[in-house]
Amino acid sequence: MADQRPSPAADLRARLRLPVMAGPMFIASTADLVIAQCTSGIVGAMPALNPRSTAALDEDIARIREAVGDAPYCINLVAHASNDRLEADLDVVLRHKVPIVVLALAANPDLVRTLQANGSLVFQDVVKDRHARKCAEMGVDGIIAVGAGAGGHTGALSPFALAAEIREWWDGLLILSGCIATGRAVLAAEVLGADLAYIGSPFLASTEANTQDGFKQMIVDSAAADIVTTNCFTGVDANFLLPSILANGLDPAELKRPEGAAINIKGGGSNQKAWRDIWSAGQGIGAIKRVESATAYIDRLAEDYAAARRAMRMPA
């Protein structure tokens, strides 16, 4: 008899109010934000490196588990060799049986197998079709296609092109990232073939985020034209808010990656000052008009998504 179990995509979608997964944002994502995201009906997410220590990560995951019950949540592990917390943080993730783990900045088949054997779904973010194929060969459960305009570490390809190239051959779970901030954009991601939309930058302005008041207000006041892409702070391309670059006395026209610089996650980040004082965001922030709770934003997102489906004469 054929296997009648639902696919990971169908099973995950059935447990969500909206087809949305939160992007795990370095420094900004907190346990409180994950809890608000999960209890509002999307997949909440947080980088393992955000808590100051592995012990603090353990405490945060325990608190998330207690608050969200069976709702799916995600922890992001930076798999790059320079991450000196990876082994200890992985032990915590395994002990808590975290339901979804997103791997970033390196492909590690042993890590994928270890997590899957422990019951986790493993997703990998990619910026090119070639990277996606390598991840598929490793047996990941889901691919996160990071298109141009995404906040944090970003890709250079249009989400339209990247999603189409991957969907030509990948029938597994596909999550699409890049300028998604409204319900209409979530629906557009589905039309492009994605199972879930990946949303990060709008949550930078949420009250639960670990972002300074000035950062939150800059998100509200800025738009796509205020985003600068550079590799000089972290070693790989990332999107940053132009006003924050200028406020630090830097000329965006003169930003250059230091000779011989490479990705370095040792101590919690490539350059923690780059994320603390020079603020990252994606091009979709023009849709963010106020500082508010994550729940309030998700409620509005759900209303906009439902309205978009009605406008397209699609069933609710």
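Residues are numbered from 1 along each chain as its sequence is written. Because the model is predicted, local features need pLDDT of at least 70, side-chain atom pairs count only at pLDDT 80 or more, and totals for chains, interfaces and linings use all residues, while side-chain values use heavy atoms, without hydrogens and water.

Three aromatic pairs occur in the structure. Rings of Phe, Tyr and Trp (its six-membered ring) pair if their centres lie within 6.5 Å; planes under 30 degrees apart count as stacked, over 60 as edge-to-face and the rest as tilted. One of the pairs joins Trp169 and Trp170. Their centres lie 6.0 Å apart, with 65° between the planes, and the pair is edge-to-face. Trp169 is partly exposed, at 25% relative accessible area. Trp170 is buried, at 11%. Here buried means under 20% relative accessible area, exposed over 50%, and partly exposed in between (1.4 Å probe, protein chains only).

Phe215 and Trp279 form a stacked pair, because their ring centres are 4.8 Å apart and their planes meet at 5°. This pair links distant parts of the chain, 64 residues apart. Phe215 belongs to helix α9 (residues 213-221), whereas Trp279 sits in the loop between α11 (272-276) and α12 (294-311). Helices (H or I, at least four residues) and strands (E, at least two) are DSSP runs, numbered from the N terminus. Phe215 is buried, at 6% relative accessible area. Trp279 is buried too, at 10%.

His80 lies in the loop between β3 (73-78) and α4 (86-96). His80 is partly exposed, at 21% relative accessibility. Its C-alpha atom is 9.2 Å from that of Leu103, 23 residues apart along the chain.
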